Amino acid sequence: MKTVTSRPDGRFYGLNPDFDSLVHRIIEHLDKEKLSELKKDFHTRLRITQAHPEKAELVEDLWDFFYDWCVFDQRNLDTAHGFSQAEKANWEGLKAANMRGIFTVQKIAESSVKLKELYSGKSITIPTTSASEFFGISKGDLVECRILALKTEGKEKDVATLVRRPSYHPVEVHDYIKKKVRQFKKAEDFSTYQTWLWLLVGMYLKHRIYTHMPIDKIYDDNSRI
């Protein structure tokens, strides 16, 4: 899919050019009223207010999370018009290639990071450019992210790129997160697991917004902060 070169808002969304193109397709396709409804729904799912955070980086991350949800979870592009056949094929490929979950950092190398998804147990390597988004992390850290599996000659590899920046979760809440994932695995409830991941993103954002709040008051399924 071609990257959009003319951006009225001057923004490049996420880390992947194809994802950025899809986001601008959504912006073109949906009117302001529909986008407003989607934003309200998204914030409700994350249990955060619609007021923008003060920090610019937080605002950008919030937009990237929102459009990730619009593109891959809401599938707003399935009803979009004006796609070429090549673009349609690429969109179908991206739908099939994306994977989202909670990953533990298994290995950090000079040009890559090896991750293992907690629910599926699948290991994946994030190479070169995308690996720079893991600056400052350590082996054993937990991150939530969406990845796009890379393919060679039509065959899927254990290598992927990031769609957007991951959400990072402090060691103090690792036991809580791992316990939740074990519960979903035991129940074989992948759908609810995927829905809960957005609640976890909301906790991550609130931890960055309300830095004065005890972390155990934020990372709680019943928290109303």
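Hello everyone, and thanks for having me. Please keep in mind that we are looking at a predicted model.

Let's begin with helix α3, which runs over residues 56–73. It has 18 residues, and its first and last C-alpha atoms are 25 Å apart, close to the 26 Å expected at 1.5 Å a residue. Is α3 enclosed or open? Of its 18 residues, 13 are buried, so the rest of the structure largely encloses it. After α3 comes Arg-75, and its phi is positive, near 50°.

Now, who are the neighbours of α3? One is helix α1, residues 17–29. The two axes come within 10 Å and cross at roughly 80°, and α1 and α3 are therefore roughly perpendicular to each other. On the α1 side, the contact uses Phe-19, Leu-22, Val-23, Ile-26 and Ile-27. On the α3 side you will find Asp-64, Tyr-67, Asp-68, Cys-70, Val-71 and Phe-72. Sorted by class, the contact of α1 with α3 has nine nonpolar residues, two charged and no polar ones.

Another neighbour is α2. How do the axes of α2 and α3 cross? They come within 11 Å, at roughly 105°, and that makes α2 roughly perpendicular to α3. From α2, the contact takes in Leu-35, Leu-38, Lys-39, Asp-41, Phe-42, His-43 and Arg-45. From α3, the partners are Leu-62, Trp-63, Phe-65, Phe-66, Tyr-67, Trp-69 and Cys-70. By class, the contact of α2 with α3 divides into ten nonpolar residues, one polar and three charged.

How many aromatic pairs does a search of the whole structure find? It finds 18. One of them joins Phe-42 and Trp-198: the ring centres are 5.4 Å apart and the planes sit at 75°, so this pair is edge-to-face. Phe-42 belongs to α2, residues 32–46, and Trp-198 to α7, residues 190–209, so the pair ties together parts that are 156 residues apart in sequence. Are these two residues buried or exposed? Phe-42 counts as buried at 0% relative accessibility, and Trp-198 counts as buried at 3%.

Trp-198 has another edge-to-face pairing, with Phe-65; here the ring centres are 6.5 Å apart and the planes are at 85°. This pair also links distant parts of the chain, with Phe-65 in α3 and Trp-198 in α7, 133 residues apart. Phe-65 is buried too, with a relative accessible area of 2%.

How much of α7 is buried? The count is 14 of its 20 residues, so α7 is largely enclosed by the rest of the structure. Phe-190 is also found in α7, but this residue is partly exposed, with a relative accessible area of 43%. Its C-alpha is separated by 8.2 Å from that of Tyr-119, a residue 71 places away along the chain.

Next, a word on the loops and their backbone. Most residues other than glycine have a negative phi. Which residues have a positive phi without being glycine? One is Arg-47, at about 60°, and another is Glu-188, near 50°. Arg-47 lies in the loop between α2 and α3, and it is partly exposed, with a relative accessible area of 32%. Glu-188 sits in the loop between α6 (174–187) and α7, and it is exposed, at 70%.

My last stop is a strand. Thr-104 is found in β1, residues 98–108, and counts as buried at 17% relative accessibility, since the cut-off for buried is under 20%. What does Thr-104 touch, leaving aside neighbours within four places in sequence? The contacts are Lys-114, Leu-115, Lys-116, Leu-118, Gly-140, Asp-141 and Leu-142.

To look back for a moment: α3 is roughly perpendicular to α1, and α2 is roughly perpendicular to α3.

Terms used. Residues are numbered from 1 along each chain as its sequence is written. This is a predicted model: local features need pLDDT of at least 70, side-chain atom pairs count only at pLDDT 80 or more; totals for chains, interfaces and linings use all residues. Side-chain values use heavy atoms; hydrogens and water are left out. Helices (H or I, at least four residues) and strands (E, at least two) are DSSP runs, numbered from the N terminus. Buried means under 20% relative accessible area, exposed over 50%, partly exposed in between (1.4 Å probe, protein chains only). Contact means heavy atoms within 4.5 Å. The expected span of a helix is 1.5 Å times one less than its number of residues. Axes are lines fitted to C-alpha atoms, for helices over the stretch in contact, and angles run from 0 to 180 degrees between N-to-C directions. Angles under 35 degrees count as roughly parallel, over 145 as roughly antiparallel, 65 to 115 as roughly perpendicular and the rest as oblique. Ala, Val, Leu, Ile, Met, Phe, Trp, Tyr, Cys and Pro count as nonpolar, Asp, Glu, Lys and Arg as charged, and the others, Gly among them, as polar. Rings of Phe, Tyr and Trp (its six-membered ring) pair if their centres lie within 6.5 Å; planes under 30 degrees apart count as stacked, over 60 as edge-to-face and the rest as tilted.
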